[in-house]
Amino acid sequence: METLKGFDIDAPRWDQSTFMGRLKHFFNITDCRTVLLPDSRLDEAKALVESCRAGSVPPGTTEEQLHYAKKLYDSAFHPDTGDRMNLIGRMSFQVPGGMAITGFMLQFYRTVPAVVFWQWVNQSFNALVNYTNRNAASPITPKQIGVAYVTATSTALATAVGLNLYTKKAPPLVARWVPFAAVAAANCVNIPMMRQQEILNGIAVTDEDGNLLGHSRKAAVKGITQVVISRVTMAAPGMIILPIIMQRLEKHRFMQKITFLHGPLQVMMVGVFLIFMVPAACSLFPQRCSMAVSKLEPELRESIISQFGDRVSYVYFNKGL
């Protein structure tokens, strides 16, 4: 085995304190081509990353190979546990999974049964994504997962069906925006419910070097709020702009002759939006979130100050995705 001197595989390739740096990072790890790789290839990448962390790598390994292994590791393994995440829940699956579901939600919005079915499919997908990308340091029970899923799905269905009926006499474009309203409302419920343990018991916070300082509910609320904003932002352009585009296209005679292609066309166009919006939305806030000690709960703040004085002014935590 040989050692690559000075190579820190966990050091970010791009500056994570800037939006552009985070954008390059998330374009890298949300690459949907990685979902096609077999588990054996992902496990090889993990082994190489762990080898490098231990200070040695196989002879002949290049820096580029290490960067690619880290890309696969970050895209497929949970940052807290190191366990391989289920394929559907990975951020790298957001483009193929999201484009199919969102495309059909936008296409089949006119009838209540269609609205109910596609909102249910979307919330099932979202629940799995939210669970997969939670902060794994805060365990959640099967009962809590079930309650979160039912609550979020009910919220989405109530919003979608209610607005669908309410907009029957509204301009057609307004009705086309109902799926986005339902998705946004459900995200505001689904994510906090799926991560309720963090809100109730606090999220693990550390100092700059990763040493555990305690658990904070306020930090959990900040992280989860940022995730909700990111998820709604991820969906917004495709679900707001695409209905406008389709409304105009459908007035043309050639589009009226190919109604059977409207669904696939919307799926493809949603995919174009998501290729850019998944990494952009994930980049809005740093994954390693920070919070001033002065803004923590009084008991945790006093505990940190009593142990470290002024040496620790900020705490850090994984906000999840």
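The model is predicted. It holds 3 cavities of 30 Å³ or more, and its largest pocket has a volume of about 1,300 Å³.

**Largest cavity**

- The space in the largest cavity comes to about 260 Å³.
- Its lining consists of 19 residues, and those nearest the centre are Gln94, Thr102, Met234, Ala235 and Leu274.

**Second largest cavity**

- The volume of the second largest cavity is about 50 Å³.
- Its lining is made up of Met105, Phe108, Tyr109, Val115, Trp118, Gln119, Ala160, Val178 and Pro179.
- The lining has 8 nonpolar residues, 1 polar residue and no charged residues.

**Packing of helix 5 and helix 8**

- The axes of helix 5 and helix 8 lie 10 Å apart, and the two helices pack at an angle of about 35°.
- Their crossing is right-handed.
- On the helix 5 side, the contact is formed by Gln119, Asn122, Gln123, Asn126, Ala127, Asn130 and Tyr131.
- On the helix 8 side, the partners are Pro179, Ala182, Val183, Ala186, Asn187, Asn190, Ile191 and Met194.
- This contact contains 8 nonpolar and 7 polar residues, and no charged ones.
- Gln119 and Pro179 take part in the contact and also line the second largest cavity.

**Largest pocket**

- The largest pocket is lined by 50 residues, with Lys70, Asp74, Pro79, Gln287 and Arg288 lying nearest its centre.
- The elements giving two or more residues to the lining are helix 1 (19-29), helix 3 (63-76), strand 1, helix 10, strand 3 (288-292) and strand 4 (314-318).
- Helix 3 gives the most, with 6 residues.
- The pocket lining divides into 20 nonpolar, 17 polar and 13 charged residues.

**Packing of helix 2 and helix 3**

- Helix 2 (residues 39-53) packs with helix 3 at an angle of about 115°, and their axes are 8 Å apart.
- The crossing of these two helices is left-handed.
- Helix 2 makes the contact through Arg41, Leu42, Ala45, Lys46, Leu48, Val49, Cys52 and Arg53.
- Helix 3 meets them with Gln65, Leu66, Tyr68, Ala69, Lys70, Leu72, Tyr73 and Ala76.
- By class, the contact comprises 11 nonpolar, 1 polar and 4 charged residues.
- Lys70 belongs to this contact and is also one of the residues nearest the centre of the largest pocket.

- Strand 1 (residues 203-206) and strand 2 (residues 212-216) run antiparallel and are joined by 4 bridges.
- Alanine 204 is placed opposite histidine 215 of strand 2.
- The hairpin has 5 residues between its strands, and glycine 210 adopts a positive phi near 90°.

Terms used. Residues numbered from 1 in each chain as written. Predicted model: local features only at pLDDT ≥ 70, side-chain atom pairs only at ≥ 80, totals over all residues. Heavy atoms only, no water. 1 Å grid on protein atoms, 1.4 Å probe; cavity = no way out; pocket = protein on both sides within 12 Å on 5 of 7 lines; lining within 4 Å. Points joined across faces, edges and corners; volume = space filled by probe spheres on them. Nonpolar A, V, L, I, M, F, W, Y, C, P; charged D, E, K, R; others polar. Axes fitted to C-alpha atoms, helices over the stretch in contact; angles between N-to-C directions. Left-handed = near helix turned anticlockwise from the far one by under 90°. Contact = heavy atoms within 4.5 Å. Pairing = 2+ DSSP bridges.
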